[in-house]
Amino acid sequence: MKKAIKYLRYSSDGQSQHSIERQEMITSYWTTHHNIAVTDTFIDEGHTARTFDRPDMNALMAFVKKNYRDIDYLVVSELSRFSRQAGDAINLVTKIQRNYNIRIVSASSSNIFDVHDSNSFLLMGLEFLISNSENIKRTNDINGGIYTAKAEGRWIQGGPAPFGFTKEGLGKERKLVVREDQSAIVRFIYEAFLKNTPAYIIANDAKKMGLKRTSNSAIQEMLSNPLYMGYQQVQPWKNHPGGLFPLKNHSSIIDEATWYRVQNKLKDKNRPRVSIADNFPLRQVVRCHCGLPLTGAPSRNGAGKYFDYYKCKVSGHNTINAGKAHGQLQEILSLLSLPIHLITAIENKSDTLLKERMKTSVATLAVKRKELEAVEVKMKSVEEKFILNQLNFESYNDWHRRLQHQRIDLYSSIEQLDKNENRLYFLLQKNLSRLSDLQHIYNSGSTVQKQELIRQVFDSGLYYKNKSYRTPSMMRIFSHNLLTLSQQSLLFIDEPERKSGEVEATGVEPVSKHIRRKLSTCLFHYYLSAMNRK
């Protein structure tokens, strides 16, 4: 009685376990019909035919080398199960027959191929070539479909939605919708990167805000992802160009100008490498009178003790005791405050923003709850159809997985929206009065926030000269105490040089209605973020 081994394979791309069942049936029918004993079966599940480096294909070849004297045939349902690469497949089949005297069988066509027979060799080559051609056509159809879908603005990426988004809809109706609780973290990451915040600090702060993946590579991927500005990367196909294509019916988190600024900065190999230390909050923020940013590091005195100092890189320029520099800044901040009328304007604007948010939250919450009810109904329907054998396991598993993802996303959104907005209201009212104390605001922030506050108030122009702080300009809303500051030699506003006939500049930035609106909006979102972290 002649003996055979069988080889079965299905690809994870567009095929399933049912393909193995079909192949088993076809090959078993052939071996039974021809009275062939099967000594072993090798199965590669979810492996491509583009390479022979497959687990059970390797095991098969090892088995053949050891037991070839007891094997007459290698049986496959079709030659495409063996390989779709015609040239490599023919060479391997020829090697197996010549070295081990084992012939390959295509059970579906009932052909036993012989590489020593010209007609049989031709038929085998044709079957391999047909499989190869079908694979090329299938690949082209898939790539063409992907290109067309993406070029038309559809999001077709598999797996979960990127952080900051949730998926809605199926098939051609699938789209990305912004998650408000996560989008704030994405915006923070982009803004912090543009402010030269070190990656590890961005990652740590993002983690505190709720980001799970906080490695530097995760932050880099988010900064490079065009989906955040409403575009997706499309690979070129044949004569059609690739590049960034806009998504339709898709909400963006980052505006295009910001995204491209970040990309340019990512590519800049000469961008400054900033190190942030809590004991040196003014490093790289305050400058020397020569214009260079001050560095900060401990220095040892004659007695061998270490003290923190800010220094200029130019020898003979500023060397300032950090404690003194911080103390002088604290005195300046204690004398800087917002005028009462501006605090009142901010309070009114913040109250309006809060009411708008609460109104929007209630409407959005109602919509999300209805969507959740619809998903629950669909899941129940799918489960009933599966129980009644109206749906096979593969289809049931696919539908159940999609609906489960939607349900989890909706639960998360509802939980976030269902927070007690009154807590935010009371938190806002409690802290608005502290706007009159800029020193308190400064001391309450992180090192990064402290640096940003100094840059904003003094327009990135604060420098040190003759044992005092100086600046060419500052926000006008803080200018009502300038006389006191200068009398105490704490802060001086530079007097700009004027040419004959030129109008004198004030050295102080004017404040407009736009700035007032921006301040109130920023304050509102600052306390919103604070509540979300609690």
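Guide: Two strands pair if DSSP finds at least two bridges between them; strands (E, at least two residues) and helices (H or I, at least four) are DSSP runs, numbered from the N terminus. This is a predicted model, in which local features need pLDDT of at least 70, side-chain atom pairs count only at pLDDT 80 or more, and totals for chains, interfaces and linings use all residues. Residues are numbered from 1 along each chain as its sequence is written, and side-chain values use heavy atoms, with hydrogens and water left out.

Visitor: How do you know that β1 and β3 pair?

Guide: Three bridges join β1 (residues 3-10) to β3 (residues 73-76), and at least two are required. The two strands run parallel; Lys-6 has Val-75 in β3 as its bridge partner.

Visitor: What makes β2 and β5 edge strands?

Guide: The open sheet has the order β2-β1-β3-β4-β5, with mixed pairing. β2 (37-45) and β5 (111-112) each have a single partner strand, so one side of each lacks a neighbour in the sheet.

Visitor: Why is α6 called roughly antiparallel to α7?

Guide: The axes of α6 (residues 180-194) and α7 (residues 199-209) come within 10 Å and cross at roughly 165°. That makes α6 roughly antiparallel to α7, the term being used for angles over 145 degrees between N-to-C directions.

Visitor: Which residues of α7 are met by α6?

Guide: Ile-202, Asp-205, Ala-206 and Met-209 in α7 are met by α6 residues including Phe-188 and Phe-193, where contact means heavy atoms within 4.5 Å.

Conventions
Axes fitted to C-alpha atoms, helices over the stretch in contact; angles between N-to-C directions. Parallel < 35°, antiparallel > 145°, perpendicular 65-115°, else oblique.
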